[in-house]
Amino acid sequence: MFISVTLFMSCDSTPCDDGFTEVEQDGNVICLPDYVVGIEKTTWLGTAFYHSDYGIIEFDNGIWVTTYGEVLEVEDLD
(Lines give C-alpha, C1' and ligand atoms only; values in the text may rest on other atoms or scores of the structure.)
Protein backbone atom coordinates (compact mmCIF):
# COMPACT_ATOMS: atom_id res chain seq x y z
CA MET A 1 0.00 0.00 0.00
CA PHE A 2 1.34 3.43 -0.96
CA ILE A 3 0.10 6.61 0.67
CA SER A 4 0.99 9.95 -0.79
CA VAL A 5 0.89 13.04 1.35
CA THR A 6 1.03 16.46 -0.17
CA LEU A 7 1.78 19.45 1.99
CA PHE A 8 0.81 22.88 0.88
CA MET A 9 3.08 25.59 2.15
CA SER A 10 2.98 29.25 1.42
CA CYS A 11 5.59 30.38 -1.06
CA ASP A 12 5.50 33.91 0.29
CA SER A 13 8.90 35.23 1.25
CA THR A 14 7.37 37.28 4.05
CA PRO A 15 5.10 36.34 6.94
CA CYS A 16 3.35 39.72 6.75
CA ASP A 17 -0.21 40.22 5.56
CA ASP A 18 -1.03 42.38 2.54
CA GLY A 19 -0.55 46.04 3.38
CA PHE A 20 2.33 45.29 5.74
CA THR A 21 6.09 45.09 5.11
CA GLU A 22 8.61 42.96 6.98
CA VAL A 23 11.39 45.12 8.47
CA GLU A 24 14.17 44.64 10.96
CA GLN A 25 14.02 47.02 13.90
CA ASP A 26 16.19 46.80 17.00
CA GLY A 27 17.36 43.32 16.00
CA ASN A 28 13.81 41.99 15.64
CA VAL A 29 11.89 41.26 12.45
CA ILE A 30 8.43 42.83 12.57
CA CYS A 31 5.59 43.63 10.17
CA LEU A 32 4.85 47.34 9.86
CA PRO A 33 1.80 48.74 8.11
CA ASP A 34 2.62 50.36 4.78
CA TYR A 35 2.31 54.13 4.66
CA VAL A 36 -0.63 55.16 2.50
CA VAL A 37 -1.25 58.78 1.54
CA GLY A 38 -3.72 60.27 4.01
CA ILE A 39 -3.41 57.41 6.50
CA GLU A 40 -5.05 58.03 9.86
CA LYS A 41 -2.17 58.54 12.26
CA THR A 42 -4.04 57.70 15.44
CA THR A 43 -5.37 54.27 14.49
CA TRP A 44 -4.79 50.94 16.17
CA LEU A 45 -1.88 50.49 13.74
CA GLY A 46 0.34 52.58 15.97
CA THR A 47 2.66 55.40 14.97
CA ALA A 48 5.34 53.56 12.94
CA PHE A 49 4.84 52.79 9.25
CA TYR A 50 6.91 51.58 6.30
CA HIS A 51 7.41 54.06 3.46
CA SER A 52 8.74 52.79 0.13
CA ASP A 53 11.23 55.70 -0.19
CA TYR A 54 12.12 56.48 3.43
CA GLY A 55 11.86 53.08 5.13
CA ILE A 56 10.54 53.20 8.68
CA ILE A 57 8.81 56.48 9.48
CA GLU A 58 7.00 57.49 12.63
CA PHE A 59 4.32 60.04 13.45
CA ASP A 60 5.71 61.71 16.57
CA ASN A 61 4.21 64.78 18.25
CA GLY A 62 2.42 65.86 15.10
CA ILE A 63 5.35 65.41 12.68
CA TRP A 64 6.64 62.60 10.48
CA VAL A 65 10.25 61.57 11.17
CA THR A 66 12.57 58.89 9.81
CA THR A 67 14.59 56.53 11.97
CA TYR A 68 17.50 58.92 11.40
CA GLY A 69 15.60 61.85 12.91
CA GLU A 70 14.95 63.52 9.55
CA VAL A 71 11.73 65.56 9.68
CA LEU A 72 9.47 64.90 6.70
CA GLU A 73 6.78 67.15 5.32
CA VAL A 74 3.51 65.57 4.18
CA GLU A 75 4.42 66.60 0.64
CA ASP A 76 7.59 64.49 0.91
CA LEU A 77 5.51 61.40 1.63
CA ASP A 78 3.08 61.67 -1.31
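## A disulfide and a hairpin

Cys 16 and Cys 31 form a disulfide, with their sulfur atoms 2.0 Å apart; the term stands for a pair of cysteine sulfur atoms within 2.5 Å. The two cysteines lie 15 residues apart and link distant parts of the chain, Cys 16 in the segment before E1 and Cys 31 in strand E2. This disulfide is left-handed because the torsion about its S-S bond is about -90 degrees. The structure holds 1 disulfide.

Keep in mind that this is a predicted model, where local features need pLDDT of at least 70, side-chain atom pairs count only at pLDDT 80 or more, and totals for chains, interfaces and linings use all residues. Residues are numbered from 1 along each chain as its sequence is written, and side-chain values use heavy atoms, leaving out hydrogens and water.

Now to the strands, which are DSSP runs of E with at least two residues, numbered from the N terminus. Strands E1 (residues 20-25) and E2 (residues 28-33) pair in the antiparallel sense over 6 bridges; pairing requires that DSSP finds at least two bridges between two strands. Phe 20 has Pro 33 in E2 as its bridge partner. Between the strands of this hairpin are 2 residues, and Asp 26 takes a positive phi near 55 degrees.

| Residue | Relative accessible area | Class |
|---|---|---|
| Cys 16 | 11% | buried |
| Cys 31 | 34% | partly exposed |
| Leu 32 | 7% | buried |

Leu 32 lies in strand E2. Its contacts (heavy atoms within 4.5 Å) include Phe 20, Val 23 and Tyr 50, not counting residues up to four places away in sequence.

Methods:
Helices (H or I, at least four residues) and strands (E, at least two) are DSSP runs, numbered from the N terminus. Buried means under 20% relative accessible area, exposed over 50%, partly exposed in between (1.4 Å probe, protein chains only).
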